[in-house]
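User: I would like to learn how to read some features of a structural model. Can we take them one at a time?

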Amino acid sequence: MSDVSEKSRRSGSSVRRQRSIYQVHYCMRRQDADMTARPLLMPTSPLEVQAYARQVAGHRKTEDTKYLGLLQCNNGTIMKPIIKESQKREVDFYEHLKTSSDAELQELRGLVAKYFGNRKYTYNGFEQDYIILEDLTERMLEPCIMDVKIGKRTWDPLATEEKIKNEQSKYAACKQQYGFCIPGFQVYRLSTGKLCKYNKDYGKRLHGHAVKEAIRNYLNGIGATLCRALLLQFLSELWKIQKWSRRQTAVRLYSASLLLVYDAARLRDCCQSKELTARAGCRPATVPRRRHSLHSVGSGSNFSGQITSKGPVYKKLQSVPLSPMSLSHSSFSPPPPINSPWSEALASFNHNHSFEHNYENKLSKIKMNYRAMLDQLSYDSPTPNPWGTVKVIDFAHAFFNSEEEKQIDENFREGIENFVEIFECFLRETDDQVL
Ligand SMILES: Nc1ncnc2c1ncn2[C@@H]1O[C@H](COP(=O)(O)OP(=O)(O)OP(=O)(O)O)[C@@H](O)[C@H]1O
Ligand SMILES: O=P(O)(O)O[C@@H]1[C@H](O)[C@H](O)[C@@H](OP(=O)(O)O)[C@H](OP(=O)(O)O)[C@H]1O
C-alpha cells in the first residue's frame, strides 16, 4: 500500500477529490457528476439554489426580506420570482407559448430561453412562486452578458399615467434614437480576464455614438478588431429574430429584452496567437489582424473561419503540394471533399456571392449562407450550444393579439432593426480579416 493511502487510512480522512469546473468557476458545492449540467430537474439529487450572480439587469433589491432577483440552480436552470401581476402574466405567456399551435408563436418558441414550468420555492425564509428557465450562460467560464430592452415604448396598455411618465423619463435619448436601451451588461476583458460591470445608471447616460461604443466594448472590440466568428454567431440568431418580427402579428412585446451572452474564454481560444491576444487591449491604429477561427466552435472541416474579399479561406492541407502561386493565393487549398456537409454550404456560398461587387445588394444571400454554415457548426459540435447566442427574454408586458388586433408590432420591430443594423455594420468592419 502506498504512503498516501496508508496516511489517509490512518487519519480516517477520505481521499481528496478533484473539484469540477463548476465548483471552481461557479463557486458551487460539489454535486453528483450527472447533476451538474442537466437542464431538467432530477428528483433523485438535491436541488441547490443560490442568488444569481450573473444577473446584469432587472429586479434585484430585497424588500421586506423578500428576494426579488433571480436564483441559480445547480441543474442549469434559473428561477425568476413571480410577485407582481405583470410577472403572473409572464407565466401565462410562457404557458401559452408552450402549447400554442400558431405558427408564429411556434417560431417564437425557438427564439426564447427554454421554459421548464413554474414552482414554489422557499428562499431566504420566504416561499414564492418562480418561473423556471434555461440558464443561457450555463457552462460559460467567463460569461459576457448584455441586456438590451427593445422598444421606444416600454410600458404596456395597462400602465398607469404615473408608470408611463416614469418609463418615458428613462433612457429617453437612447430609446428615441435607436428604439432600444441598455439597462446593464458585463464583460470579461480578453486581455486581462478582468470582469467589468455596467449597470442601469451607466445605461441611462448612453446616447448617440456612445451606444454603439458600449456594444463594441461588450464585444471586447475596444482597441482591438472585432471577432467575426462571434459577430456571425450573434447575427445568425438576430436575423432569425428580425425575420420573425418583420411579419409576426400574434403578439405585442412591450419592454422585452434581448439577452446576449458569450463566453470570453472561448473568444480567447478563437484568437490563434497568444501574443496577439495579450496585445489586444493596447494595439495601435494599424493593428496586426486578430486571427480567429470558426473551427474552434467545433467542426471537422478545412474551412478556416475566414472570409476575405476573394472568398472563404481554407486551412492548408499538408498532403496538398503547393503550386507556384502568388502569396495571396497560396493560403487557399482545395475545398473539402464533395460529400462534406461543409462543402455544400461553402459551394453554395461561392456560387451565390460575388466577392468583388455589390456587397450590399447581396447581403441577404450572404446571410443565408452564413446560417447554413453555422447550422453545420452546431451539428458537428460535441456540445450543441454555440459559445455566443442571443434570446428574447422578459415577457411581463407581452400581450397576445386577438384576430381583430393582429398587426405587426412596429415598436419591437424597429428596435430589432436598429440593433441588427449595428451588428451588420460591425460585421462589415471585419470583412477584410485574413489569416
Ligand atoms: N434565461 C436566462 N438566462 C440567464 N440569465 C437570465 C435569463 N433570464 C434573465 N436573466 C438575467 O436576469 C436579468 C433580468 O431578467 P428579466 O428582464 O427577465 O427580469 P425583470 O426583473 O423582469 O427585469 P425588468 O426589471 O427589466 O422588468 C437579465 O438582465 C439577465 O441578466
Ligand atoms: O431600468 P430601471 O430604472 O430599473 O426601470 C425599471 C424597468 O423599467 C423595469 O422594467 C420595470 O419593471 P416592470 O417591467 O415590472 O414594470 C421597473 O418598474 P417598477 O419600478 O414599477 O418595478 C422599472 O423601475
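User: Which helix does Asn411 lie in?

Analyst: The model is a predicted one. In it, Asn411 belongs to helix α16, which covers residues 410–429.

User: Does Asn411 count as buried or exposed?

Analyst: The class is read from relative accessibility, and buried means under 20%. Asn411 has 15% relative accessibility, so it counts as buried.

User: What does Asn411 touch?

Analyst: Leaving aside residues up to four places away in sequence, Asn411 has contacts with Ile150, Gly151, Lys152, Arg153 and Tyr254. With Lys152 there is also a polar contact: the Asn411 side chain comes to 3.0 Å from the backbone nitrogen of Lys152.

User: Turning to sheets, what is the strand order in the open sheet of five strands?

Analyst: A sheet is read from one side to the other, strand by strand. Here the order is β1-β2-β3-β5-β4, and the pairing is antiparallel. The edges are taken by β1 (49–51) and β4 (115–123); each has a single partner strand, so one side of each has no neighbour in the sheet. On average, neighbouring strands of this sheet are turned by 35° against each other, direction ignored.

User: How many bridges join β3 and β5?

Analyst: Strand β3 (residues 77–82) and strand β5 (residues 126–134) are joined by six bridges in the antiparallel sense. One residue of this pairing can be followed across: Met79 has Ile132 in β5 as its bridge partner.

User: Which helix lies across β3, β4 and β5?

Analyst: That is helix α3, residues 85–99. Its direction is at about 145° to that of β4.

User: What span does helix α9 reach from its first C-alpha to its last?

Analyst: A helix can be checked by comparing its span with the one expected from its residue count. Helix α9 (residues 228–247) has 20 residues and reaches 28 Å, close to the 28 Å expected at 1.5 Å a residue. As for burial, α9 is mostly covered, with 16 of its 20 residues buried.

User: Which residues surround ligand 2?

Analyst: For a ligand, the list of surrounding residues comes before the individual atom pairs. Ligand 2 is surrounded by His59, Lys84, Ser86, Lys149, Lys163, Glu167, Lys170, Tyr171, Lys200, Lys204 and His397.

Methods: Residues are numbered from 1 along each chain as its sequence is written. Chains are lettered from A and ligands numbered from 1 in the order in which they are written. This is a predicted model: local features need pLDDT of at least 70, side-chain atom pairs count only at pLDDT 80 or more; totals for chains, interfaces and linings use all residues. Side-chain values use heavy atoms; hydrogens and water are left out. Helices (H or I, at least four residues) and strands (E, at least two) are DSSP runs, numbered from the N terminus. Buried means under 20% relative accessible area, exposed over 50%, partly exposed in between (1.4 Å probe, protein chains only). A polar contact is a pair of N or O atoms within 3.5 Å; within protein, one must be able to donate a hydrogen and the other to accept it, and residues adjacent in sequence count only if both atoms are side-chain atoms. Contact means heavy atoms within 4.5 Å. Two strands pair if DSSP finds at least two bridges between them. Axes are lines fitted to C-alpha atoms, for helices over the stretch in contact, and angles run from 0 to 180 degrees between N-to-C directions. The expected span of a helix is 1.5 Å times one less than its number of residues. A residue is near a molecule or strand if one of its heavy atoms lies within 4 Å of it.
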